[in-house]
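Subject: Model handover

Hello,

Here is the structure I said I would send. Please open it next to this message.

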Amino acid sequence: TEQSSTPSPVQGQVNPHPNDIRSLDKQTIRQRLIDAISQIAIIDKDSIQDKTPLKTIMDSVSLAQLKGMLEGQYAVKAFSDDYLFRDTTTLKKLVEIVKIGYVPDDGSVNEEGQVDGVAAANLTSSRGVGSSGGIAGALGCPPGVVCCVVM
């Protein structure tokens, strides 16, 4: 039987220490991200280019899985849900994020993963690019997803 888990960022470790991840060279991080993205999105590794926006090669479920992997296995501090949906979020950008351990250009999210004192993981997707707010944003629906309330 084949194992379908996402590859660990550090060889042989399930939950490596953040310092172990940060000490990897960028080429190693890049290759491991390509492997993980290819497996999550079920796409050919050759279709993952450094400057291609991830949202053009991955669907919303795959992007959500990638976010969880980055925050869990790669020890990246929490960031907003809609960050991966931006045109500027590419493989090259993810390599930098994994190397430093946080997302420096995620609006007002700081190095502690907080926005105005609130953990970014607790934010709804109504904050950020591509969201217009409203009931869908208040319910935490990601950009591009229609939320329905049945009374």
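This is a predicted model: local features need pLDDT of at least 70, side-chain atom pairs count only at pLDDT 80 or more; totals for chains, interfaces and linings use all residues.

Residues are numbered from 1 along each chain as its sequence is written, and side-chain values use heavy atoms, with hydrogens and water left out.

**Whole chain**

The protein chain has 5 helices and 2 strands. Both are DSSP runs numbered from the N terminus: helices are H or I with at least four residues, strands E with at least two. The order from the N terminus is α-α-α-α-β-β-α. Of the 151 residues, 35% are buried, meaning under 20% relative accessible area with a 1.4 Å probe, protein chains only. Take contacts (heavy atoms within 4.5 Å) between residues at least 6 apart in sequence: 53% join residues at least 24 apart.

**Helix H2**

H2 covers residues 26-41. Its 16 residues should span 22 Å at 1.5 Å a residue, and the end C-alpha atoms are 22 Å apart, which agrees. The expected span is 1.5 Å times one less than the number of residues.

Buried residues in H2 include Ile-29, Leu-33, Ile-37 and Ile-40. Arg-32 and Ser-38 are buried too. Their cover includes helix H1 (18-22), helix H3 (60-72) and helix H4 (91-100).

Look at both ends. At the start of H2, a side-chain oxygen of Asp-25 comes within 3.1 Å of the backbone nitrogen of Gln-27. After H2 comes Ile-42, with a positive phi near 55°.

Best wishes

Definitions and conventions
Buried means under 20% relative accessible area, exposed over 50%, partly exposed in between (1.4 Å probe, protein chains only). A polar contact is a pair of N or O atoms within 3.5 Å; within protein, one must be able to donate a hydrogen and the other to accept it, and residues adjacent in sequence count only if both atoms are side-chain atoms.
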